[in-house]
2 protein chains.
Amino acid sequence: MSAKPSTSARRHLRTKQAILDAALALVIEKGPDQFSLREVARRVDYSPAGLYEYFRDKEAIIAALCQIGFKRLAVTLNTVASDLPQREYLAKLGLAYLGFAQKNPEYYRLIFNFIPSKRQSLQEPVEDADPYNILLKAMAKGLESGVIKASAQDQAETLSYNFWALLHGIAMLRSTVLKDFDADFATADRRAIEIFLKGLS
Amino acid sequence: MSAKPSTSARRHLRTKQAILDAALALVIEKGPDQFSLREVARRVDYSPAGLYEYFRDKEAIIAALCQIGFKRLAVTLNTVASDLPQREYLAKLGLAYLGFAQKNPEYYRLIFNFIPSKRQSLQEPVEDADPYNILLKAMAKGLESGVIKASAQDQAETLSYNFWALLHGIAMLRSTVLKDFDADFATADRRAIEIFLKGLS
DNA sequence: TTATTTATTCGAACACTGTTAGATAATAAC
DNA sequence: GTTATTATCTAACAGTGTTCGAATAAATAA
């Protein structure tokens, strides 16, 4: 029996990855609503039942994709130089966030529409990999240094949550309601972030 | 044959309404994803095929629900006294918007997640029944009277769109990712709107 | 009233979907 | 080469949305 002959473990991992790749391609292609386990199976040349060796169920595949997307978004946000002037840093974080959402609208929808957050109150700590955590830390630093002036009992969470909401709203509108809308969103984005940050002074 | 014996026309309208009622109840109960035409049929004591006399397909039922929700949201926004000081008016519009979304989270999700906007560019006029139109008009009035000071080439659309995005982001986060999150959202909402409006001065 | 035309509704089928259990093929261990 | 263990598939079940033609109910005409 042995713990796991690394040869078969590797193979297992590889086809698991192939499944995720096909699944992501399908989501991007047809959107989260049209996502079908059987179609994924077809694309990786497995029978539908075969996938259940690799994932508990359809939901688990989606959850895995969310996890990966979460990390990718975090990576994107981490490419923004954090030693910029703090307001500029926040602004660029926002633009990076929106850039990600615009580049992968269906993926973005998937990430934030299906799986509810594990964190359930402000007392619980934010997960380290969570993109929100990057916004939160940036906002906390700004608050601390006084670059961002908030009213009396403002917590960093309140502000970063509101900032996140603004970004999420823009991202979602463009991924859904305004999918086919033609306008100069780039300047509108910049303006939105500008307005919000101006409100924090 | 005659144009339509009003007796049967009334009956037709009545069962159509019954279908919509059952459909809405189902959406609220199980969420838009679990929405099932066959379940609606069961609840109104029709066979699945029977519903096709009243709606072209499942999508048409959802579209009808969206339309109704659109109007309800517009009605909610119209209950806000428009003769308030213009900043206060905008703030209360925002709170009313969020109140609607919080009271009907699944309905809200349905409205803004499935049907893309008919309007496809800034040149096309906004539909009169569109809740967005109320935000737009409020913002335009504020801009015009100078109560809201924007930068040079700001259009009312840019600002109202951004305001809408903020509201939509808050509403969506709470309907999905933060569904089970426990916090004082009411004060966070007020703060978000406050910040945004402060940015417009 | 009865007969006939028209408007409604349904049953059965089709092509999908996710999921499970049991048989089968492929691999590893002895 | 034979056995034990994984990996995979086939077949089935319970759902889903949708279509078509038959069957019912209602409205009209004789």
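Predicted model: local features only at pLDDT ≥ 70, side-chain atom pairs only at ≥ 80, totals over all residues.
Reader: Which residues come nearest to DNA strand C?

Author: There are 23 residues around DNA strand C. A:Leu37, A:Asp57, A:Lys58, B:Ala49 and B:Gly50 come nearest.

Reader: Which helices supply at least two residues each to that surface near DNA strand C?

Author: From chain A, α1 (6-30), α2 (37-43) and α3 (58-78) do. From chain B, α1 (6-30) does. By class, the surface near DNA strand C has eight nonpolar, nine polar and six charged residues.

Reader: What is found around DNA strand D?

Author: Again 23 residues. A:Ala49, A:Gly50, B:Leu37, B:Asp57 and B:Lys58 come nearest. Two or more residues each come from α1 of chain A and from α1, α2 (37-43) and α3 (58-78) of chain B. The classes near DNA strand D are eight nonpolar, nine polar and six charged.

Reader: How do you know which axis relates chain A and chain B?

Author: Superpose chain A on chain B. The rotation is 180°, the shift along its axis is 0.0 Å, and the RMSD is 0.1 Å. That is why the relation is called a two-fold axis. The same surface serves both copies, as 100% of the contact residues of chain A recur in chain B.

Reader: How many residues of each chain are in contact with the other?

Author: 34 residues of chain A are in contact with 34 residues of chain B. On the chain A side, α5 (105-113), α7 (156-175) and α8 (185-199) each supply at least two. α7(A) gives the most, with 11 residues. That side divides into 19 nonpolar, 10 polar and five charged residues.

Reader: Why is B:Ala156 called partly exposed?

Author: Count its neighbours. B:Ala156 has 19 C-beta neighbours inside 10 Å. Buried needs 20 or more, and exposed needs 12 or fewer. The count lies in between, so B:Ala156 is partly exposed.

Reader: Where is B:Ala156, and what is in contact with it?

Author: B:Ala156 is in helix α7 (residues 156-175) of chain B. Leaving aside neighbours within four places in sequence, it is in contact with B:Leu136, B:Met139, B:Ala140 and B:Leu143. B:Leu143 is 13 residues away in sequence and 6.9 Å away in space, C-alpha to C-alpha.

Reader: Which residues of α8(A) are buried, and what do they pack against?

Author: A:Asp189, A:Ala192, A:Ile193, A:Ile195, A:Phe196, A:Leu197 and A:Gly199 are buried. The buried residues pack against α4 (86-103) and α7 of chain A, together with α7 and α8 (185-198) of chain B.

Reader: Which residues touch the most other members of the largest nonpolar core?

Author: That core has 98 residues. A:Ala23, A:Leu135, A:Leu166, A:Phe196, B:Leu166 and B:Phe196 touch the most other members. Beyond four places in sequence, B:Phe196 is in contact with A:Ile195, A:Phe196, A:Gly199, B:Phe163 and B:Leu166.

Reader: How many helices and strands does chain A have?

Author: Eight helices and zero strands. Of the 201 residues of chain A, 34% count as buried.

How values were computed: Residues numbered from 1 in each chain as written. Chains lettered and ligands numbered in written order. Near = placed C-beta within 6 Å. Helix = DSSP H or I, 4+ residues; strand = E, 2+ residues; numbered from the N terminus. Nonpolar A, V, L, I, M, F, W, Y, C, P; charged D, E, K, R; others polar. Core = buried A, V, L, I, M, F, W, Y, C linked by C-beta atoms within 7 Å. Contact = placed C-beta atoms within 7 Å. Least-squares fit on C-alpha atoms with pLDDT ≥ 70 in both.
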